[in-house]
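Good morning, and thank you for coming. I shall present one structure today, and I ask you to keep the sequence and the model in view while I speak.

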Amino acid sequence: MKTEVDSPIRSTFLPFALPSIGDEEIQEVSDSLRSGWITTGPKTKKFEEQFRRFVNAKHAIAVSSCTAGLHIALTALNIGVGDEVIVPTLTFCSTANVVEHLGARPILVDVDENFEISLEATEKAITCRTKAVVPVHYAGQACDMDAINTLAAKHGLSVIEDAAHAAGSEYKGKKIGTHSKATVFSFYATKNMTTGEGGIITTNDDQLAERMQILSLHGMNRDAWKRYSAASSWYYDVVEPGYKNNMTDIQASLGLHQLRRLEGFIRRRRQIALRYQTAFKDLSELILPRDLLRRPHPYHLFPIRLRPELLAINRDQFIVNLTSRNIGSSVHFIPVHRHSYYAQKYHYRREDFPVAEQIFSGLISLPLYPAMSDCDADDVLNAVTNIVTSHRRQHSVQTAQKDVRAETHTQTLAATSRYSR
Ligand SMILES: Cc1ncc(COP(=O)(O)O)c(C=O)c1O
């Protein structure tokens, strides 16, 4: 017999993430399709201009993804064979992959308890071959850019920010987008704002911007995208072998409206996060994300960490329990040093990344996105609370008793748990 403990909290599955696409986005995309200008064109340029203003940068270059943008930015800094680039291990694989694509070596370093690249580990990893460091604004919360820039300046390194999660984030009262040589954002479907697939690079460096623009479209000289318009000529010159990483007007159509809605999206993300924070504050089995001083958390992710010493189930079992309650979840991220390519090529050992390993062992990202209703959020927090209270280590009646009636189970918990809620 299924007990309440096992039964779905809701009748339909709550996906881990869903975009919020409104009628205006749909109309704008239709308008592009009808206009005949479906690749890079006036809307991409308009989107670049609006995003540039939004983060108060001198330049913005819209690209096909954050991955492409990181690749372009590192290429424009002339990073290549023999060079080293320092990357935190707790990131999506593409932060490191792009360094490999350039023939350079990604040097993976540990993170700190705030999920940020460890400054201590970064300083230790610097050699005479190190050219750049790529901090990742994990879950959208800004890294300590002053500290990173000071360290980088001391060693003559460039800083390129992986701001995949950080559209709309702030550091010391200024939007992320101008705190380093170049900042690269993602507009992938799950991100703070989306263009389906897409990204943008922002910079205050004129020369770098010029080169990144050229690299994003075959290495053609500036404004080559205009060559099919009345305003331009058919002639273009290829000044270096660039890439095909341009954003299309179809994507930019989404971006124009998503950008307008971004601050509202973040407000809603923070409301849901507050709901979770309030509900979980007495669950000592969980470590919750924190808002850091002058780095307001946009909650691109809500990563909880399980404390294995207090729970009778591990992270993987916790996720199975969430799924059985119809709640989606994810893990951000499998540390890069654990992936076979990197582990085999560079002989990384897990013990070299104690903090990332510790975080990863209990890490779960809960659903948190503006399209969620308060009821959806309550389903998530009830499911989490329910799983935690059902699997407390101190609980004398362990999970073997899952088949007892839900009511009896709840009473037993209240009687035996060391933790009051
Ligand atoms: C930290 C981080 N960096 C880079 C990327 C790559 O973004 P994109 O899919 O736009 O290439 C992601 C995507 O999830 C990410 O999470």
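This is a predicted model: local features need pLDDT of at least 70, side-chain atom pairs count only at pLDDT 80 or more; totals for chains, interfaces and linings use all residues.

**Backbone, ligand shell and helix packing**

F333 sits in the loop between α9 (315-324) and α10 (340-346). Helices here (H or I, at least four residues) and strands (E, at least two) are DSSP runs, numbered from the N terminus. The peptide bond from H332 to F333 is cis, with omega near 10°. Phi of H218 is near 65°, a positive value in a residue other than glycine. As background, most residues other than glycine have a negative phi, and most peptide bonds are trans.

Residues are numbered from 1 along each chain as its sequence is written. The predictor's confidence in each residue, pLDDT, runs from 0 to 100. Its mean over the protein chain is 91, and 91% of the residues reach 70 or more. Over residues 1-5 pLDDT stays under 50, and it also stays under 50 over residues 396-421.

Next, the ligand. Which residues come nearest to the ligand? Of the 14 residues around it, they are S65, C66, T67, A164 and S186; a residue is near if its C-beta atom, placed from the backbone, lies within 6 Å. The elements that give two or more residues to this shell are α3 and α4 (93-101). By class, the shell has five nonpolar, eight polar and one charged residues. In this scheme Ala, Val, Leu, Ile, Met, Phe, Trp, Tyr, Cys and Pro count as nonpolar, Asp, Glu, Lys and Arg as charged, and the others, Gly among them, as polar.

I turn to helix packing. Axes are lines fitted to C-alpha atoms, for helices over the stretch in contact, and angles run from 0 to 180 degrees between N-to-C directions.

The axes of helix α3 (residues 66-76) and helix α7 (residues 206-215) come within 9 Å and cross at roughly 125°. α3 is therefore oblique to α7; angles under 35 degrees count as roughly parallel, over 145 as roughly antiparallel, 65 to 115 as roughly perpendicular and the rest as oblique. On the α3 side, I72, A73, T75 and A76 meet L208, R211, M212 and L215 of α7, where contact requires C-beta atoms, placed from the backbone, within 7 Å. The residues of this contact divide into six nonpolar, one polar and one charged.

How do helix α8 (residues 249-280) and helix α12 (residues 374-390) pack, and at what angle? They pack at about 25°, with their axes 10 Å apart, and are therefore roughly parallel to each other. The contact is made by I272, R275, Y276, A279 and F280 of α8 and A377, L381, V384 and T385 of α12. By class, it has seven nonpolar, one polar and one charged residues.

Finally, the axes of helix α2 (residues 42-55) and α8 come within 8 Å and cross at roughly 35°. Residues of this contact include F47, F51 and F54 of α2 and A252, L256 and L259 of α8. The contact residues divide into six nonpolar, four polar and three charged.

Technical notes. Two residues are in contact if their C-beta atoms, placed from the backbone, lie within 7 Å.
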